[in-house]
Amino acid sequence: MKTIRIFISGNVQGVFFRQFIKDNADKIGVKGYVRNLEDSRVEVAIEGKDKAVEEMRKICKKGAPHSIVKELEIEELSEQGFKEFKILHF
């Protein structure tokens with residue numbers, strides 16, 4: 001089991017990025033959350049099997065169809081015990 005948090009910079013708000021991430025997380029079977037931050041970045045926490053977490057990292061780097069991902073900041077976390085994947089709001 002692996003848990004990471006990713007901060008995504010670029011044109012990632014207002015382009016259905018959070019829904020894109022949730023749809024992919026549900027399809028791949030990881031748990032966690034995605035939310036917009038006030039500084040225009042998106043934060044994603046992902047927990048699951050190593051291969052699934054790596055696949056989600058690649059999806060975050062590629063981005064949603066109308067987004068432009070400029071930078072990913074990734075940090076490893078201890079296991080959080082997420083029960084599902086959620087879109088969080090401010």
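**Surface, core and loops of a predicted model**

The chain exposes about 5500 Å². Carbon and sulfur atoms supply 47% of that area. The model is a predicted one. Of the 90 residues of the chain, 41% count as buried.

The overall dimensions come next. Along the principal axes, the C-alpha atoms fill a box of roughly 30 × 25 × 20 Å. The radius of gyration of the chain is 12 Å. A compact globule with 90 residues would have a value near 12 Å, so the chain agrees with that expectation.

The secondary structure consists of 2 helices and 5 strands. Read from the N terminus, the order of the elements is β-α-β-β-α-β-β. Among contacts between residues at least 6 apart in sequence, 78% join residues at least 24 apart.

Charged side chains were also counted. The chain has 17 positive side chains and 15 negative ones. The centres of these two sets lie 4 Å apart.

The largest nonpolar core has 22 residues. Those with the most contacts inside this core are I8, F17, I21, V30, V44, I46 and M56. Helix α2 provides the largest share, with 5 residues.

M56 illustrates the packing of the core. Leaving aside its neighbours within four places in sequence, M56 is in contact with I21, N24, A25, I28, V30 and I46. Of these partners, I21, V30 and I46 are also listed with M56 among the core residues with the most contacts.

The loop between β1 and α1 holds two residues of interest, V15 and F16. V15 counts as buried because its relative accessibility is 13%, and buried means under 20%. Not counting residues up to four places away in sequence, V15 touches A64, H66 and S67. The separation from I4 is another matter. V15 and I4 are 11 residues apart along the chain, and their C-alpha atoms are separated by 23 Å.

F16 presents a contrasting case. F16 has a relative accessible area of 70% and is therefore exposed, the limit being over 50%. The backbone of F16 also stands out. F16 is not a glycine, yet its phi is positive, at about 60°.

The phi of S40 is about 80°, although S40 is not a glycine. S40 is found in the loop between β2 (31-36) and β3. At 45% relative accessibility, S40 counts as partly exposed.

Helix α1 was also examined at Q19, which has its place in this helix. Q19 is partly exposed, with a relative accessible area of 36%. Q19 and I87 are 68 residues apart in sequence. In space, their C-alpha atoms are 7.5 Å apart. I87 lies within β5 (85-87).

One is E84, found in the loop between β4 (68-76) and β5 (85-87). E84 counts as partly exposed, at 43% relative accessibility. The C-alpha atoms of E84 and G29 are separated by 9.0 Å, although the two residues are 55 apart along the chain. Not counting residues up to four places away in sequence, E84 touches K31 and G32.

K49 is exposed, with a relative accessible area of 68%. K49 and G29 are 20 residues apart along the chain. Their C-alpha atoms are separated by 8.9 Å.

Note on methods
Residues numbered from 1 in each chain as written. Heavy atoms only, no water. Helix = DSSP H or I, 4+ residues; strand = E, 2+ residues; numbered from the N terminus. Rg over C-alpha atoms; globule rule 2.2 N^0.38 Å. Buried < 20%, exposed > 50% of the residue type's maximum accessible area, 1.4 Å probe, protein only. Contact = heavy atoms within 4.5 Å. Areas by Shrake-Rupley, 256 points an atom, 1.4 Å probe, with all protein chains shown as cover. Lys, Arg positive; Asp, Glu negative; His and termini not counted. Charge placed at Lys NZ, Arg CZ, Asp CG, Glu CD. Core = buried A, V, L, I, M, F, W, Y, C linked by side-chain atoms within 4.5 Å.
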